[in-house]
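Colleague: I am new to reading structures. Please take me through one, feature by feature.

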Amino acid sequence: MEAVAHQGSRTPLEFGGPLGAAALMLLLPATVFHLLLVARSGPARLLGPPPCLPGLGALWSPQALLLWLAWLGLQVALYFLPARKVAEGLELKDKSRLQYPINGFQALVLTALLLGLGVSAGLPLGALPEMLLPLAFAVTLTAFLFSLLLYLKALVAPVSALAPGGNSGERDPVGSTMGTHGGACPALSPSCYSSGNPIYDFFMGRELNPRICFLDLKYFFELRPGLIGWVLINLALLVQEAERRGSPSLAMCLVNGFQLLYVADALWHEEAILTTMDITHDGLGFMLVFGDVAWVPFTYSLQAQFLLHHPQTLGLPMASFICFIKAIGYYIFRSANSQKNTFRKNPSDPSVAGLETISTATGRQLLVSGWWGWVRHPNYLGDIIMALAWSLTCGTSHLLPYFYVLYFTALLVHREARDEQHCLQKYGLAWAKYCRQVPYRILPCIY
Ligand SMILES: NC(=O)C1=CN([C@@H]2O[C@H](COP(=O)(O)OP(=O)(O)OC[C@H]3O[C@@H](n4cnc5c(N)ncnc54)[C@H](OP(=O)(O)O)[C@@H]3O)[C@@H](O)[C@H]2O)C=CC1
Ligand SMILES: CC(C)CCC[C@@H](C)[C@H]1CC=C2C3=C(CC[C@@]21C)[C@@]1(C)CC[C@H](O)C(C)(C)[C@@H]1CC3
């Protein structure tokens with residue numbers, strides 16, 4: 001996934017350019033189906049071929065498509081319910097700020113209530129695991145279709161609405177915008193915000209904050225249907241396990257509890273997502289659409305899928321050890337994220353006011369003590385430790401449940417490199433000074 005130089009421009013393309021984007025558009029859906037198939041197979045080999053390739057009959061189901069559309073409709077409806085707060089995003093190129101409803105946690109609770117009502121009225125939740133394959137197929141098809149609509153929408157969007165990422169309309173040091181054709185180009189030229197390659201633009205996305213009225217599509221997709229859908233799939237797997245074996249296993253309960261905590265935490269701190277690179281920098285294209293609605297629910301639930309078909313006995317000492325690892329990971333993840341969010345919102349907040357900082361030319365400061373003085377991405381370290389705890393619940397007999405830790409580490413290493421580039425562009429010498437003072441990226445003394 002290394003950056004490649006692009007048509008003589010000074011701005012490198014990400015993910016290996018158009019070829020890398022095309023490969024990922026095939027590889028990512030193929031991986032989802034591979035994992036769904038091997039998780040239910042006897043040998044459950046991550047690297048081996050799936051036991052049998054499903055025909056179109058096993059993949060295509062109108063009911064699955066309807067179920068997915070109904071789920072999407074429900075989440076959209078919950079998004080429009082009165083919010084406890086309306087937050088403002090960061091300042092945009094045209095100096096305006098968008099507004100976002102903070103009601104994700106409320107959506108999670110209401111979904112749980114509705115589900116409880118449905119189940120007590122006879123909704124067969126335990127049947128969902130049998131539909132995972134056709135559901136993933138329907139979601140993948142809609143992700144392609146939806147990304148195409150977004151690509152077309154971006155063609156007629158004003159330049160001020162386009163993402164600074166992708167081909168990058170990043171500002172160079174003299175204040176012009178580095179564009180497609182090399183050299184500097186005027187900031188308001190649309191060609192500066194396109195790689196000129198439709199495959200790459202389709203994959204990366206071009207519009208920064210596409211909206212339908214008040215529905216902010218990126219914000220909605222990143223936190224609602226896929227993330228809450230992941231919890232629902234996990235729960236359905238637990239219910240089916242209980243139906244098959246009389247009660248859910250300790251391992252299944254732990255995986256459900258850990259991942260529910262992760263999703264509930266994300267929705268509780270929903271506002272924090274407004275400053276992440278996905279919202280402030282990346283366009284909404286196939287990568288994020290597919291990542292949010294297909295990749296997250298169907299691959300992040302892999303441990304629960306594996307446990308349904310490969311029961312594991314987990315003793316209390318091992319379970320306690322795993323809970324301990326999860327608690328350490330969560331503590332690092334939450335404290336590091338909260339420390340930075342508090343500092344960015346109000347640097348004179350008593351909890352962060354005493355921390356050491358470096359000033360930058362932008363007027364913003366960088367923390368060099370506390371969590372952010374330990375490594376440059378303490379939150380990534382906490383996240384990876386939590387991922388390890390999730391996988392450990394599945395024992396050590398198979399590599400498959402460790403797919404998430406492996407993929408996630410690669411994702412965060414790559415993400416860290418992207419963020420590093422953005423910060424270097426943003427903060428220049430001050431960032432270089434920070435890197436000298438805090439030399440390790442994610443793992444102290446090692447990386
Ligand atoms: N489960 C999943 O699939 C995924 C989870 N995540 C998680 O999402 C969370 C957010 O991650 P992400 O958006 O990548 O990045 P971060 O939350 O780490 O944010 C990076 C930004 O923080 C600011 N920053 C960096 N260093 C400092 C410092 N020393 N002092 C103050 N500000 C600093 C910079 O922005 P600025 O200066 O502009 O504020 C930088 O661009 C993480 O916990 C990550 O683990 C991420 C991706 C996928
Ligand atoms: C598979 C593709 C190559 C990449 C797809 C990436 C996406 C799956 C992830 C990009 C950033 C994400 C975040 C979360 C989920 C995964 C994606 C969408 C996140 C919502 C998970 C919960 C966290 O607490 C968070 C900090 C809110 C995360 C934000 C980033």
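Modeller: Start with contact, which means heavy atoms within 4.5 Å. By that rule, Ile-102 touches Ala-83, Arg-84, Lys-85, Ala-87, Tyr-219, Glu-270 and Glu-271, leaving out residues up to four places away in sequence. Two ground rules now. This is a predicted model, where local features need pLDDT of at least 70, side-chain atom pairs count only at pLDDT 80 or more, and totals for chains, interfaces and linings use all residues. Residues are numbered from 1 along each chain as its sequence is written, chains are lettered from A and ligands numbered from 1 in the order written, and side-chain values use heavy atoms, without hydrogens and water.

Colleague: Where does Ile-102 lie?

Modeller: Helices (H or I, at least four residues) and strands (E, at least two) are DSSP runs, numbered from the N terminus. Ile-102 lies in the loop between β4 (99-101) and α4 (104-120). The C-alpha atoms of Ile-102 and Ala-87 are separated by 6.7 Å, and the two residues are 15 residues apart along the chain.

Colleague: Is Ile-102 buried or exposed?

Modeller: Buried means under 20% relative accessible area, exposed over 50%, and partly exposed in between (1.4 Å probe, protein chains only). Ile-102 has a relative accessible area of 2%, so Ile-102 is buried.

Colleague: Which residues does Leu-381 touch?

Modeller: Trp-374, Ile-442, Leu-443 and Pro-444, again not counting residues up to four places away in sequence. Leu-381 sits in helix α15 (residues 378-392). Leu-381 counts as buried because its relative accessibility is 8%. Leu-381 and Leu-443 are 62 residues apart along the chain, with C-alpha atoms separated by 6.6 Å.

Colleague: What polar contact does the side chain of His-422 make?

Modeller: A polar contact is a pair of N or O atoms within 3.5 Å; within protein, one must be able to donate a hydrogen and the other to accept it, and residues adjacent in sequence count only if both atoms are side-chain atoms. The side chain of His-422 makes one with the side chain of His-281 (3.4 Å). His-422 belongs to helix α16 (residues 403-427). With a relative accessible area of 12%, His-422 is buried.

Colleague: How many residues surround ligand 1?

Modeller: A residue is near a molecule or strand if one of its heavy atoms lies within 4 Å of it. For ligand 1 there are 26 residues, the closest being Tyr-300, Tyr-380, Asp-383, Arg-415 and Tyr-427. α16 gives the most to this shell, with eight residues.

Colleague: Which side chains have N or O atoms by an oxygen of ligand 1?

Modeller: Among them is Asn-337, with a side-chain N or O atom 3.0 Å from an oxygen atom of ligand 1. For Arg-344 the distance is 2.6 Å. For Tyr-427 it is 2.3 Å. Accessible areas come from the Shrake-Rupley method with a 1.4 Å probe; for residues, only the protein chains shown count as cover. Taken alone, ligand 1 exposes 920 Å², and the protein buries 88% of that.

Colleague: Which residues are around ligand 2?

Modeller: They include Leu-28, Glu-222, Tyr-262, Trp-295, Tyr-300 and Arg-415. Taken alone, ligand 2 exposes 630 Å², of which the protein buries 87%. Two or more residues of the shell come from each of α9 (250-268) and α11 (286-299). α11 gives the most, with four residues.
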